[in-house]
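Q: Could you walk me through how to read a model like this one, feature by feature?

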Amino acid sequence: MGVKGLQYFMERCCPESCVTVDLREMVKQHVPKTSDNTSSPTLVVDGMACLRHWYLCKDWVCGGQWNEYMSILRRWVETFTSVGIRLVFFFDGLVEEKKRHEWVKRRRRVNGEVSKLFRYIKLHGEQPGKYLFTLPSGLATFTRFALRTLGQDVFCSVQEADYEIACYARRHGCMGILGQDSDFVIYDSVPYLSVAKLQLDRLTTVLYDRERLCRAIGLDVSQLPLLACLLGNDVVPEERMQAIRNSAMTAYRKPYDTAHSGAPQRQMVLAVSQFVSSLWGREEEERGLIPQTLKLTVADRQLLEKGICSYLLAGPEASQRDALPPITSTFEKRVSPEILKACVEKHVSAEGFMVYNVVCEGVIDCSNSLEDEEDRELVPQAVVYKSCRQRIYGLLLLNRHDDSTVEPPAIREWFVYPGNPLKEPDMVLPIPICIAREQPSLDLLWFSSGPEVSALRLMSFLSIFDCQELAEMYGVVEDFLLAALCLVTYVALQVPSLCSEDVDAYLSQAVCLRLTTLQELQQIKLPFLSSRAVQLGSLYVRGLSYLLGANCASGCPLPNTALMPWQSFDGQLFHSKYLLAHSGTEQMVLLDNLPSSLAVFLQLREKHVEVCMKRNRVLQSRPRASLLERSHSPRYRDGHTAGVDNCPDRGEASGGWRRGSRQRGGGNNRVKLQERPAHRGRGGGGQYSHPRFHPPSLDGSGQNLSSLSEHTRSGWRPSRGRYQLAPSLLLPECNSTLTVRRGAED
């Protein structure tokens with residue numbers, strides 16, 4: 001948030017304080033202010049401020065174009081490193097309680113935007129414009145791991161991230177801070193550079209110069225913290241100092257031409273600046289003091305002191321550890337000192353997820369997801385993943401040496417979901433994981449080694465999602481596919497409305513993603529958007545973050561890289577598979593006509609059904625009447641589509657989709673969506689240079705394409721535009737008559 005109106009004032013009313021700089025020239029002129037003269041010129045990057053500037057993918061509503069996003073991050077990093085600039089990234093690690101009110105206010109505002117977004121999709125069947133842009137779920141979390149994958153230094157904050165950024169930059173004599181928060185003007189640290197004004201191709205941006213600002217408004221740099229608090233910031237709400245600002249305006253406002261750009265804000269900042277300047281006499285001591293001449297109530301003085309102190313940085317001689325608060329834990333009696341230390345270290349170095357917040361803070365928060373509050377069929381993600389979160393809490397806090405008579409600790413959850421007013425946190429109790437032996441201790445899972453411990457880690461991880469049987473798939477399929485299977489199976493167990501077509505869409509896109517190039521992903525054209533598929537895409541990506549948390553709690557039986565969304569999810573690809581699956585496309589077409597991909601898909605599907613049936617969960621086939629929904633939309637009824645031919649008689653749609661029609665009983669037309677020719681027959685085309693994963697055959701032996709071909713010939717056959725599962729995977733069907741609820745998604 002920063003200081004209320006300060007950056008606007010600098011840009012519109014004090015342009016001399018906004019200096020365009022060339023980063024290449026700054027590199028040449030930079031002289032490190034520390035004893036380490038061999039270090040490269042360093043920019044400290046506020047990662048949270050950069051997310052909207054990094055996510056440049058055209059599609060954002062379907063769950064995220066994660067492979068494309070990775071390529072954007074890679075190019076961004078390489079642009080700086082190619083000219084000798086070292087980057088250090090910081091991300092928010094928690095929401096401080098003093099800022100919770102502001103966090104809640106923003107979440108409620110975004111809720112309104114998400115509601116508008118879903119109403120737009122259901123009315124128009126397409127992605128809305130940028131005015132409703134929402135970052136994909138989990139972007140901040142997964143970006144930290146993405147940057148680490150790219151070899152960058154990444155830190156996660158344990159207190160106010162802006163403060164840690166300013167401290168680090170000052171302590172290490174960095175070249176500048178790249179962000180978008182006017183608090184960096186107030187901190188007495190290194191130059192503050194704008195990421196919003198960054199021209200990456202030219203490596204130029206705007207430097208907000210605090211020295212020039214102070215000369216223009218008649219203040220000393222040491223007086224900026226008081227100015228910031230009187231104007232209003234994250235610590236001192238704007239309304240608390242309204243009376244002081246009114247007095248300053250009365251006493252010091254000067255007449256300005258009302259036509260002057262930013263005149264009201266200019267008057268406010270200049271009046272408050274002159275008021276601050278008038279408070280200090282020569283007898284006043286160091287910066288940060290509130291002059292006694294400033295008449296305040298005790299409560300307001302304490303709040304103002306707290307706000308001013310939030311800007312006072314640790315000195316350059318302080319180590320990074322000295323700049324941080326001492327290590328404490330809400331539940332320190334339930335974990336060993338070694339576990340507590342490991343939680344902090346993994347959190348700070350952005351290697352862990354959830355464990356620090358649970359063990360050390362006792363609070364978890366989750367921002368907005370793309371969820372339709374008018375949809376009564378799909379369960380909110382906070383509810384879907386509650387049981388797995390409880391088991392994560394249990395693994396972390398319910399150690400076997402605990403006294404069973406002691407009341408179990410409750411975690412405070414601040415989760416955004418439809419119907420939650422966010423007035424107070426949900427108090428969620430941990431529950432133990434269910435494995436054959438007694439619950440293992442964290443010290444054993446995190447610090448011990450050996451085959452038995454490795455097996456115990458994997459079983460603990462899978463038990464969190466009630467998918468212990470999937471241990472048989474470890475080493476049989478790639479880790480990212482095992483993770484995808486675990487997640488999809490868990491969702492199927494938790495969401496009663498999930499159907500077999502949804503599972504087919506999830507698993508087929510996970511299998512096909514590795515064999516689909518970035519260019520092909522970018523060229524996917526969807527005939528229309530399904531609001532339900534949008535929700536399911538967001539649900540999957542959010543679930544990956546809980547896989548990550550469970551993996552960290554279990555001692556990392558899987559590499560964290562296998563749990564990243566760019567390994568198993570692409571929003572456009574998933575949406576295309578969803579439309580195909582629900583339109584009755586044969587499995588072979590759903591798997592891009594690749595026998596090897598079909599083999600993996602059937603293998604995953606069979607194990608998924610096995611686990612579900614053991615828990616009395618039988619998924620039904622419930623294809624959605626998506627084309628009827630489309631016909632109800634004026635956009636499609638009038639024939640106005642962007643890049644998609646709307647006439648059902650045409651065999652090829654503009655943009656690469658081909659549609660054909662078949663008759664089902666009663667003469668009702670049913671349209672089948674097929675992928676563009678470029679996605680067909682790729683098995684022997686040699687179009688891909690990257691290696692493919694060759695899975696074992698269905699009986700567990702080596703891959704045998706001839707037997708696979710025989711299996712596919714005998715196992716399923718097209719049937720009136722629908723596909724049939726292999727005999728071992730057949731599920732009862734219901735709702736064979738296609739119906740559409742008025743105003744609902746497909």
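Q: How many helices and strands does the protein chain have?
A: Happy to start there. Keep in mind that this is a predicted model. The secondary structure of the protein chain comes to 31 helices and twelve strands. Of its 746 residues, 59% count as buried. Among contacts with a separation of 6 or more, 75% are between residues 24 or more positions apart.

Q: Which residues touch the most other members of the largest nonpolar core?
A: A nonpolar core is a set of buried residues joined through side-chain atoms within 4.5 Å. Here the largest core has 219 residues, and those touching the most other members are Trp-54, Trp-76, Phe-80, Phe-89, Leu-396 and Phe-465. Helix H24, residues 531-553, gives this core its largest share, 13 residues. Another core, of seven residues, lies apart from it and includes Val-95, Trp-103, Val-104 and Trp-414.

Q: What does Phe-465 touch, beyond residues up to four places away in sequence?
A: Its partners are Cys-388, Cys-486, Tyr-490, Tyr-546, Leu-547 and Ala-550. Tyr-546, Leu-547 and Ala-550 fall within the residue range of H24, 531-553.

Q: How many cavities of 30 Å³ or more are there?
A: The general idea is that rolling a probe the size of a water molecule over the atoms shows where empty space is left. In this model the count comes to seven cavities of 30 Å³ or more.

Q: How many residues of helix H10 are buried?
A: Helix H10, residues 224-231, is mostly covered, with eight of its eight residues buried. They are Leu-224, Pro-225, Leu-226, Leu-227, Ala-228, Cys-229, Leu-230 and Leu-231. After H10 comes Gly-232, whose phi is positive, near 110 degrees.

Q: Is Arg-391 buried or exposed?
A: Arg-391 counts as buried, because its relative accessibility is 16% and the cut-off is under 20%. Arg-391 has its place in helix H18, residues 386-397. The C-alpha atoms of Arg-391 and Ser-460 are separated by 9.6 Å, although the two are 69 residues apart along the chain. Beyond its neighbours within four places in sequence, Arg-391 is in contact with Ile-431, Pro-432, Ile-433, Ser-463, Ile-464, Asp-466 and Tyr-490.

Q: Where does Cys-14 lie?
A: Cys-14 lies in the loop between helix H1 (6-12) and strand S1 (18-22). Cys-14 is buried, with a relative accessible area of 1%. Cys-14 and Ala-216 are 202 residues apart in sequence and 7.3 Å apart in space, C-alpha to C-alpha. Residues up to four places away aside, Cys-14 touches Phe-9, Leu-213 and Ala-216.

Terms used:
Residues numbered from 1 in each chain as written. Predicted model: local features only at pLDDT ≥ 70, side-chain atom pairs only at ≥ 80, totals over all residues. Heavy atoms only, no water. Buried < 20%, exposed > 50% of the residue type's maximum accessible area, 1.4 Å probe, protein only. Helix = DSSP H or I, 4+ residues; strand = E, 2+ residues; numbered from the N terminus. Contact = heavy atoms within 4.5 Å. 1 Å grid on protein atoms, 1.4 Å probe; cavity = no way out; pocket = protein on both sides within 12 Å on 5 of 7 lines; lining within 4 Å. Points joined across faces, edges and corners; volume = space filled by probe spheres on them.
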